[in-house]
Amino acid sequence: MASTVIGAGITIEGEVTSDEDVVVQGTLRGKLVAKDAVTVEAGATVEADVAAGPVAVAGSVTGNISSNDRVDLQNGAKVIGNVKASRITISDGAQFKGNVDMDV
Amino acid sequence: MANEVSTLIGRSTFVRGRINGSGDLEIAGRVEGDVSCVGEVVVDASGLVAANVSATRIVVRGAVKGDLAAEEAIVIEATARIVGDLRAPRIAIAQGALVRGHVQTGAAGAARPRAAQAQVPAARTSQASVTTRAAAPAPAPSKASTNAAAAAAAKKNGTASPPRGATLAGARPGPPPPVVPVLKKGTKALQKKRH
C-alpha cells in the first residue's frame with residue numbers, strides 16, 4: 001500500500017517531497033523527490049525531474065530520472081530525459097529518448 | 001476507506017505548489033499552495049495545510065491556515081485547527097475545534113456575486129465572525145462583537161436607527177476622526193508664503 005497517491009484526475013504543479021512511496025496516476029509538473037519507490041502508472045504524466053529510490057515507469061515522464069537503486073521502464077512507458085541509476089531495465093515496448101548513466 | 005481515496009498525500013509527504021483536478025483528496029502530510037478539487041477534500045489529523053482550499057466538500061481534522069470554500073459543505077471535526085475564512089452553504093463545527101476567521105453559511109453559493117448576496121433575506125443567511133476555543137465551555141461572543149454584528153445587521157437591512165445595544169463604544173470600530181483637518185502636502189508652505 002503506497003503512502004502517497006496522486007490520483008488520475010489530479011494535477012499537481014510544484015514540488016513533491018516524500019519519505020515514503022509515491023504512486024503517480026495523474027499529472028505532476030515540477031519536481032519529485034522521494035526516499036522510497038516511485039511508480040508512474042500507465043496513463044500518468046510526469047513533467048518533472050525525479051529523484052528517488054526504485055523507479056518504475058509505465059506512463060509518460062519528461063525529465064531526468066535519478067535513482068539510488070534501479071529504474072524500470074515498462075511496456076508502454078514513454079521517457080524523454082536522462083536516466084541515472086546503478087541498474088536499469090528497458091522493457092520491450094518502452095519508448096525512451098535520452099542518456100543512460102550507470103555509475104560504475 | 002483508504003483504498004477508496006483517489007489521491008492521498010501521505011504523512012511524510014510535502015507538496016509545495018498547486019493541486020487541482022477532479023477526484024477525492026486526502027491530506028495526511030503537508031501542503032503549501034492552493035488546492036482546488038471537484039470532490040471531497042479531507043485534511044487528516046496529521047495533515048497540515050497552508051493554502052486556500054476549494055472543493056465540493058471539505059472535511060477538516062487537522063490544521064489549516066487559509067480560506068476554505070466548499071460548494072456543498074464544510075465539516076470541521078473536534079481535532080481541527082483552522083485560521084482562515086469559511087464559506088459554504090452548510091458548515092458544521094464540532095465542539096473542541098479551533099476556528100479563527102469569518103464564517104459564512106446560507107443559500108448563497110460559493111460562486112455567488114456580492115450584489116446577489118445582499119438580496120438574500122437575513123433569515124436564510126447567517127453571518128458572523130466566530131472565534132471558538134477548545135477550552136471555552138460554550139461559545140460566548142463578547143459584547144463588542146455582538147454590537148458589531150447587530151450594527152452590521154442594521155446596516156444590511158437599511159435601518160437608520162442604531163439598535164439599543166450599540167453605544168459609542170460598540171458603534172465605532174476604528175480610532176476617532178482627527179480634530180484638525182488633514183492638510184494637503186504643500187498647503188502649509190503656501191500659507192507661510194502668503195503671510
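**Salt bridges and the A–B interface**

The side chains of Lys35(A) and Asp19(A) form a salt bridge, with N to O at 3.6 Å. A salt bridge here is a side-chain nitrogen of Lys or Arg within 4 Å of a carboxyl oxygen of Asp or Glu. Lys35(A) sits in the loop between strand E4 (27-34) and strand E5 (38-40) of chain A, and Asp19(A) in the loop between E2 and strand E3 (22-24), so the pair ties together parts that are 16 residues apart in sequence. Strands (E, at least two residues) and helices (H or I, at least four) are DSSP runs, numbered from the N terminus. Lys35(A) is exposed, at 62% relative accessible area. Asp19(A) is partly exposed, at 43%. The classes are buried under 20% relative accessible area, exposed over 50% and partly exposed in between (1.4 Å probe, protein chains only).

This is a predicted model: local features need pLDDT of at least 70, side-chain atom pairs count only at pLDDT 80 or more, and totals for chains, interfaces and linings use all residues. Residues are numbered from 1 along each chain as its sequence is written, chains are lettered from A and ligands numbered from 1 in the order in which they are written, and side-chain values use heavy atoms, leaving out hydrogens and water.

Over all chains, the whole structure holds eleven salt bridges. Arg87(A) pairs with Asp69(A), the closest N and O atoms being 3.3 Å apart. This pair links distant parts of the chain: Arg87(A) is in strand E13, Asp69(A) in the loop between strand E9 (65-67) and strand E10 (70-73) of chain A, 18 residues apart. Arg87(A) is partly exposed at 43%. Asp69(A) is partly exposed at 25%.

Chain B has a salt bridge between Asp44(B) and Arg61(B), at 3.1 Å, N to O. Asp44(B) lies in the loop between strand E6 (40-43) and strand E7 (48-50), Arg61(B) in the loop between strand E8 (53-60) and strand E9 (63-65), 17 residues apart. Asp44(B) is buried at 13% relative accessibility, while Arg61(B) is partly exposed at 23%.

Now the interface. Chain A gives 20 residues to the contact and chain B gives 21; contact means heavy atoms within 4.5 Å. The area buried between the chains is about 1500 Å², with 45% from carbon and sulfur atoms. Buried area is the accessible area (1.4 Å probe) that two parts lose on being put together, summed over both. In chain A, Ile10(A), Glu13(A) and Glu15(A) lose the most area to chain B, together 31% of what that side buries.

One salt bridge crosses between chain A and chain B. Its partners are Glu13(A) and Arg18(B), at 2.7 Å, N to O. Strand E1 (4-6) and strand E2 (10-18) of chain A each supply at least two residues of the side that touches chain B. E2(A) gives the largest share of that side, nine residues.

Last, Arg30(B), in strand E4 (residues 30-32) of chain B. Arg30(B) is partly exposed at 38% relative accessibility. Beyond its neighbours within four places in sequence, Arg30(B) is in contact with Ile9(B), Thr13(B), Phe14(B), Val15(B) and Leu48(B). The C-alpha atoms of Arg30(B) and Val49(B) are 5.7 Å apart, across 19 residues of chain.
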